[in-house]
Amino acid sequence: MLIKTRNLTKHFPMGIGQTLHAVDGISIEIDENEIMGLVGESGSGKSTFGKTLTGLLQRTSGDAWFRGEALPHKFTAEDHLKYSREMQMIFQDPYSSLNPRMTVLDVIGEGLFIQGRHTRAQIRDQVAMWLERVGLNADHMSRYPHEFSGGQRQRIGIARAMIIEPKFVVCDEPISALDVSVQAQVINLLNDLKQSMGLTMLFIAHDLSMVRYVSDKMSVMYLGALAESGPSNEVFFDPQHPYTRLLIEANPEPDPRIERGRPFAPIRGEITSPVNIGAGCRFADRCPSVMDRCRTETPADISISDTRKVACHLFD
Amino acid sequence: MTEHLLQVTDLEVEFSTYGGDVKAVRGVSFHVDPGETLAIVGESGCGKSVTVQSLMGIIPMPPGRITGGSALLRGKEILGLPPRQANRFRGVEVGMIFQDPMTSLNPTMTIGDQISETLMVHRNVSYREASRRAVELLERTRIPEAKNRARQYPFEFSGGMLQRAMIAQSLACSPSILIADEPTTALDVTIQSQILELMSELKRAENMSIILITHDLAVVARMADRVAVMYAGQIVESGTVDEIFYESAHPYTLGLKDAMPSNREQRDKNLMPILGSPPDLFDPPKGCSYYARCPFAMQVCKPKMPPRFTFDSDHSHYARCWLQHDDAPHEERLFQQGKRDVD
């Protein structure tokens, strides 16, 4: 097992006794060379989880392990240096995640430069190699980010993460800002890199079809907690948690015949505020099969098979 | 030919820039009938938004310029109207909602006042009457506690609620056509589902027509009666939703379909991206604009613009592709039946 978290929690204090429960006790395990998909609506805490896991945010409580080694509660400068060789992140917005005043060479090579083990010439060679590998031209390294399209910038972001040759990459919505035809290019690239480098990934996205397509395991997050997790195809084709069911029912398919037969029963309401969450199931207000105890008792993770877990009182 | 509710013919739009003229829309024709949903699909930059914005008269001129074509709404020309007349039909005959409701609404006015303003301008009613109707409209778009919500400002609304408010505003004068420019792209799939359901419901109740602009084929499959596929400022294929999905006659339509994961198959096959990027519209290619990315490209495609080849008796399904010519080779995956040249 490469990555493990137990009750990982990130709260943001908001003053006057208010707390925003962004991530509230998430326990996951990701095996080596596996892609774990993390889905959920905006505001469910997916990105915060990714950032807390890689040490970009300091966690409030809980534990996290990388290759069996406990990750520090607070990352010091040395910890960042140490773990950035192993863990990298690819960000959602290819426009704001690249420094507009740095050339592509500096953007991609910065990681190697900070490690201080390479000469300028070596860094230049590596950058050239990675530009080619992600499907760009090595001659592009003296250009600036604004000279590239969205899909090309996302490739620069991928090259920046990969040049370190990390073991684990958090991909935070790497394709949501891209056109459909370009999405497929980036997904295929990530898949190739997974094969050739033995990468392990946490793939954060809200596009269910795409997450099922890329990932081996899938976890569904709602308001900071996991609703359901298991092998991707099982969760997608046979969802158990009422939230997962509604989420997958709401996911349209590019096929008019299927869409015409779809019962139109959209999920009610919107995700509630993550401020000062009390006891009870977080999904109770929107759940079609809500019971009395859902409002008072927080459901625990219940194993419904060797590989699947559901946090719902219906399965008690 | 019977008269359509909206008939757009050979629309051409250009933008002047320092680098030259960008030919954003290059001869687009389509029609909309009462009560139907036409989806316009394509990648970013293909001219879908510019097409509908020029119909509404909201492209900035200059630098924009409508260089040709006509758009008849119930037989009356709506392109190039003087501002006063344009204001009279805009928002009354045709309503419009946008991708990003947060930046499309005025942050300094309450939601209720923004809807009332539409009514006061176009329907000449009192503020009190307009406010009352604004609350009714918010209720019709299923905004809970509409009365209180009408007194709130946009920043107090979530993205989904703002999109509902914008729909309420666009419905204020009961338009016969609603133009929805990527209405759910910024929303979560659950909220998207709610908004699409609301739009279908209103369409049924009012016999309203919808022009839906999107790049998401799944949304098209769910909402559209007819589809126009746009590429580099042209409609490359058009037909009913079933024709477009099951009898795709243009390689670009096939490419869009192949780039999306299907929810049926297991994951052994790779997604098939469309390689390369769209052509430079400063200097659009003389021949087929998809030539450089097309897996089936032939010699004729580069120098000669393909005409429209139609497939059915009423000419509603057509594709701009040389593969539909009688002398073209057979392609397994393309629909190539009963083809005929019309252009």
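The model is predicted: local features need pLDDT of at least 70, side-chain atom pairs count only at pLDDT 80 or more, and totals for chains, interfaces and linings use all residues. Residues are numbered from 1 along each chain as its sequence is written, and chains are lettered from A and ligands numbered from 1 in the order in which they are written.

- Two packed helices are described by the angle between their axes and the distance between the axes.
- Helices (H or I, at least four residues) are DSSP runs, numbered from the N terminus.
- Helix 4 (residues 111-123) and helix 7 (residues 159-171) of chain B pack at about 20°, with axes 8 Å apart; axes are lines fitted to C-alpha atoms over the stretch in contact, and angles run from 0 to 180 degrees between N-to-C directions.
- Helix 4 and helix 7 of chain B are therefore roughly parallel to each other (angles under 35 degrees count as roughly parallel, over 145 as roughly antiparallel, 65 to 115 as roughly perpendicular and the rest as oblique).
- Ile111(B), Gln114(B), Ile115(B) and Thr118(B) of helix 4 meet Ala165(B), Ala168(B) and Gln169(B) of helix 7; residues are in contact if their C-beta atoms, placed from the backbone, lie within 7 Å.
- By class, this contact of helix 4 with helix 7 in chain B has four nonpolar, three polar and no charged residues (Ala, Val, Leu, Ile, Met, Phe, Trp, Tyr, Cys and Pro count as nonpolar, Asp, Glu, Lys and Arg as charged, and the others, Gly among them, as polar).

**Helix 7 of chain B and helix 5**

- Helix 5 (residues 127-140) of chain B packs on helix 7 of chain B at about 125°, with axes 9 Å apart.
- Helix 5 and helix 7 of chain B are therefore oblique to each other.
- Leu137(B), Leu138(B) and Arg140(B) of helix 5 make the contact with Ala165(B), Ala168(B) and Leu171(B) of helix 7.

**Contact between the chains**

- Chain A gives 32 residues to the contact and chain B gives 35 residues.
- On the side of chain A that touches chain B, helix 6 of chain A gives the most, with eight residues.
- That side of chain A has 16 nonpolar, ten polar and six charged residues.

**Nonpolar core**

- The largest nonpolar core has 187 residues, and those with the most contacts inside it include Phe203(A) and Val220(B); such a core is a set of buried Ala, Val, Leu, Ile, Met, Phe, Trp, Tyr and Cys residues joined through C-beta atoms within 7 Å.
- A residue is buried if 20 or more other C-beta atoms lie within 10 Å of its own, exposed if 12 or fewer, and partly exposed in between.
- Leaving aside neighbours within four places in sequence, Phe203(A) is in contact with residues including Ile35(A), Leu38(A) and Val214(A).

Terms used: Helices (H or I, at least four residues) and strands (E, at least two) are DSSP runs, numbered from the N terminus. Two residues are in contact if their C-beta atoms, placed from the backbone, lie within 7 Å.
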